[in-house]
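The entries follow the order in which I checked things.

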Amino acid sequence: MDTTGTLFMPPQHSTFAGQVDSLFYFILYASTVFFAIVVFGMIFFAVRYRRGRKQPVEAGPSHNTALEIIWTIIPTVLVVIVFFWGFKLFLKMNVPPKDAIEIKVTGQKWFWSFDYPNGASTVNELDVPVGKPVKLLMSSRDVIHGFFIPDFRIKMDVVPNRYTITWFEATQTGTFNLFCTQYCGKGHSEMIAKVKVMGEREYEDWLVSGTKAGEGMSLADFGAKLYVSKACATCHNVDGTANVGPSFKGIFEHQVKLSDGSSVMVDENYIRESILDPQAKIVAGYQPVMPTFQGVLNDREVDALTAYIKTLK
Amino acid sequence: MEAVPERSYLNEPKGWKSWVFTLDHKRIGLMYLFSIMASFLLGGIFALLIRLELLHIGGKHIMGAETYNQVFTLHGAIMIFLFIIPSIPAALGNFVLPQMLGAKDVAFPRLNLASFYIYVFGAFFAVYSMMSNAADTGWTFYTPYSTTTNTAVISMTLGVFILGFSSIFTGLNFIVTVHKLRLPGMTWYKMPLFVWGLYATAIIQVLATPVLGITLILLILERLFGIGIFDPAMGGDPILYQHFFWFYSHPAVYIMILPGMAIISELIPVFAHRKIFGYKAIAYSSLAIAFVSFLVWGHHMFVSGQSQYAAMIFSFLTFVVAIPSGIKVFNWLATLYKGSISFATPMLYAFSFLFLFTIGGLTGMFLGALATDVHLHDTYFVVAHFHYVMMGGTVMAFLGGLHYWWPKMWGRMYNEFWGKVSAVLVFLGFNITFFTQFILGAKGMPRRYYNYLDQYQPLHAYSTYGSWILALGFIIMAVYLIHSIFKGKKASGNPWGGLTLEWTNSSPPPPENFIETPVLKYGPYDYDKLPAEKLNS
Amino acid sequence: MEHTHEHSPHLAHHFSEMEQQHESAKLGMWIFLLTEILLFGGLFTAYAIYRAWHPDMFYNAHKFLNIYLGTLNTVVLITSSLTMALAIRATQMGRKNRTIGFLIFTLLLAGIFLVIKYLEYRHKFEVGQLPGKYYTFTGIEGTNPHIFFSIYFMMTGLHGIHVMAGIGVIGWMLRKTIKNTFSPEYYTPLEMTGLYWHLVDIIWIFLFPLLYLVG
Ligand code: HEA
Ligand code: HEA
Ligand code: CUA
Ligand SMILES: [Cu+2]
């Protein structure tokens, strides 16, 4: 298994990465042969038969049935091979094994959230065990997103109002990139998550602790952690500068102007509403693009984030 | 031999009104030429901005993410709808096709002029969108993003809808012209291959464009009235939009390449002074491509969630279209054998085409194969693929044709030395810009990304440097071409020794194309019937 | 350009004879009609897909279309196709006044078609059977009945626009007839208008069973 990557391909970290690469390189080599025939043929003829040379010019043939049959048949045979190869592998990549772990993937502008079988959930970090097939059941809450892990060679669009499915089996522990490939607006290129592949043991432990995250931490510290892990940071800064959304710095117990001209005092309820029903009140000067975190954050987590925002003076 | 052009379509009749209301296909062709060149320049400037922004990682070098999204949308939409689709048929085709057939004009000159003004009108909406809050959807306008974003999507799609009519009218005109206005004695197999190519293109234009029209209308109504057909929140299906869109836009890529291939089929025999190899194979492969092209649209949607069996069929048919393209390439190659090959600028572009289109087409194989497309879809590999076929294929052929017919258009030659310099710069710059993108894409760099991870930085930088070489090549070209219109050497009626009918009249041609009805002495590529000493000169 | 022999005044300079010009116009018109069919083709496809998905809803929703008015309109439009054909026939025979009569009759029928369509539309507006998000009607069972009305309004709306365009063109032909432009030797524009009008008719003949006679 190639773990450093080749000239064209990134490292191989899933069971089908090597198989996809074999096909890729097969096409690459076959193409190189045809390309060489065309280009060297062209250069050779261009030099050999350049105008003004000494030899007399003769009228060349305008047909050659044998040749024409050859250059039709050979590419045809080749593409038929490539077609079957590609199709068989594609089927394999589309049919998850029965015993796969099922993880629910939700794409929304502009972050990923993952729900695990035991109720744990993460944002922008997909945690999976090594050497076990993982099935992903995916859907979107707004526009179409694309789920792409280059090192695993898998990709699938994530569509609103229906489920799409893909699967993989990681072959090595480590952290890999997960990109959004279907254009989804301003934050498209920031919609990057990490895939964390861990040992089976580690994964089991993680799952257990995942359900009781934040235990033993102060509420505000937990909130600070959620601010990063739940992707608030993609749109909100805490240093007073505006991003897609307003900065959290010093907003608590201050008046904020809304887009309908009224203003409102930032208190616990307003923050809660902003998180769970963000379209209810839109801050003046911003677009109504914040996704709802209803169903993504539980009560404790909302409390934690509120506590964290309170500390940002 | 030398017909002194006392009368030419350029100065008869006189006055600006005679241009604005002209029914002469040559003048309409020229007006199209100026418009598409302006579009190309505009699209090119957007391209340079994209590259400049991507020179370094981190974003915010010259624009923000929202602006970047608008810029690549405008770049794609302008290049596709305002430049490349009308480029060869409406500009060069309009100018040459009737002359090649020995006709005085296209079948419906008024419709031809209407098509030009419809083009201008459509372009106006596109530019309006650009000036207001430009659309940021990508040139594909995928729902539900396009129905929910707050940018000027309606004026852009309305512009594209209108441009569609312009394209339909050009296609309709060409089909009828080819059927009904050929010179007596010019049978189908005596037609130049350029005409065959435009004929096949016209069929696609006429059959596919209306579907794009209705699709965009549905999109506009969706935005205006929320009709719900494509809106998942209302029980509609966004994937249906993609099927509709690609049902047009895949055939549209052959609207772009077939005319390019058609030009190459002219350039190679003329500059090799050699009868074309496999005339019928080239002619029929155009038709074959045109027909099969309607059945492969789903290869843009392999990972959209369509059924695996649909994907299988689309993948298979995608490979089927590749065969006739291969046949053409090999026939061109065989035409060079035992020729008398000139290295004039148009031929350099033909060589560039062979080199670049072969790469572009062969990388289509990686995308057509299901398992590899899963990895490559929506990465820079696709971006590189389509620039190799569109820029490396169609645009190279267009530039070759532009130089080839330039003396016929203006009665003057461009500067051959600068022509060669710019051809070489364009070729080099192009490869540096886009070959790097194959590697970027295969390594996982997604397309339409304003910002990217560290590991992709060096290749993005090379790509940007390449785009500057490319731009330099085009600037040189613009300078010497414009210069030649005023100061170029006078051109004879037939500077290249072509045998098609447009070379039997003067340069520039008289308003009615031919002073006397031309006679078909030779077939379009009958170099074998010419005396031997003519071939080597 | 000098002409060596007598030409019909209707022969454009780039054609060599009337026959060629007429044939070209006809071919061009057929291609244009083909593009029209493809334009509607997109809507037919959308119809087929949504009907396959929600057959019950389509069945329930179609009962709210007024089948009597629909049938009446079908008869009206078929008759107008006939009168259009008769108008061309009259021109071929050189009977100008009959041509004028038939054209006016065709226009009248087209007008009646639109009036009936208007009555149908008005009723739907009143009860809220409107496309997409404007749909407020509540009496139809099944998923997403608003989609049926989206499709209904788009299909009949696009068709209606074609009827209006037809009225414009037929009116223009009427004017030309009155001004003696046509003769038994030359009536190409009139004939093309006829082709167009038949297409508008044929499209309706498809729309009617698809929308009003779901079953
Ligand atoms: C001029 C335009 C043009 C042309 C001619 C082509 C030609 C081809 N294209 Fe391309 N394509 C585009 C423009 C074009 N394409 C665009 C614009 C997109 C992206 C749109 C977007 O998403 O924005 C795209 C995307 C695209 C995809 C979707 C990728 C994705 O999004 O995942 C696919 C997949 O199958 C594909 C395949 C092909 C194939 C098989 C050909 C074939 O026709 C190529 C045939 C040619 C050859 C094969 C070379 C010559 C042959 C030989 C030398 C003989 C030897 C041959 C063999 C052994 C086979 N193209
Ligand atoms: C015909 C089609 C065409 C052409 C020619 C080009 C040309 C170029 N394109 Fe692009 N491109 C597209 C069609 C085209 N493109 C499409 C459809 C997309 C997808 C958009 C989307 O995702 O929605 C795209 C996307 C695209 C991207 C990806 C953006 C992203 O995904 O984030 C990039 C990035 O590098 C790029 C770069 C370039 C460059 C550097 C050129 C250069 O080759 C440009 C060189 C041209 C010039 C520098 C102009 C110079 C002209 C003159 C000086 C005038 C000359 C005048 C006379 C001769 C008289 N293009
Ligand atoms: Cu989400 Cu792109
Ligand atoms: Cu395609």
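Before starting, I noted the cut-off for burial: a residue counts as buried when its relative accessible area is under 20%. I also kept in mind that this is a predicted model.

Entry one, the metal. I looked up what holds the iron atom of ligand 2, and found that B:His75 and B:His387 coordinate it, each through NE2, at 2.0 Å. The iron atom has six donor atoms, and with angles of 85 to 179° among them its site is octahedral. I then placed the two histidines in the chain: B:His75 sits in helix H3 (residues 65-101) and B:His387 in helix H13 (residues 380-410) of chain B, so that the pair links distant parts of the chain, 312 residues apart.

Entry two, burial. Are these two histidines buried or exposed? B:His75 has a relative accessible area of 14%, and because this is under 20%, I listed it as buried; B:His387, at 14% relative accessibility, is buried as well.

I found 35 residues around ligand 2, with B:Arg51, B:Tyr68, B:His75, B:His387 and B:Arg448 the closest. A polar side-chain atom of B:Arg51 lies 2.7 Å from an oxygen atom of the ligand, and B:Arg448 likewise places a polar side-chain atom 2.7 Å from a ligand oxygen.

By class, I read 24 nonpolar, eight polar and three charged residues around ligand 2. Helix H2 (25-53) of chain B gives the largest share, eight residues.

How values were computed:
Residues are numbered from 1 along each chain as its sequence is written. Chains are lettered from A and ligands numbered from 1 in the order in which they are written. This is a predicted model: local features need pLDDT of at least 70, side-chain atom pairs count only at pLDDT 80 or more; totals for chains, interfaces and linings use all residues. Side-chain values use heavy atoms; hydrogens and water are left out. Donors are N, O and S atoms within 2.8 Å of the metal (3.2 Å for Na, K and Ca); water is not among the atoms, so sites may look incomplete. Four donors count as tetrahedral if all angles lie between 85 and 135 degrees; four count as square planar and six as octahedral if opposite donors are over 155 degrees apart and all others between 65 and 115; anything else is irregular. Helices (H or I, at least four residues) and strands (E, at least two) are DSSP runs, numbered from the N terminus. Buried means under 20% relative accessible area, exposed over 50%, partly exposed in between (1.4 Å probe, protein chains only). A residue is near a molecule or strand if one of its heavy atoms lies within 4 Å of it. A polar contact is a pair of N or O atoms within 3.5 Å; within protein, one must be able to donate a hydrogen and the other to accept it, and residues adjacent in sequence count only if both atoms are side-chain atoms. Ala, Val, Leu, Ile, Met, Phe, Trp, Tyr, Cys and Pro count as nonpolar, Asp, Glu, Lys and Arg as charged, and the others, Gly among them, as polar.
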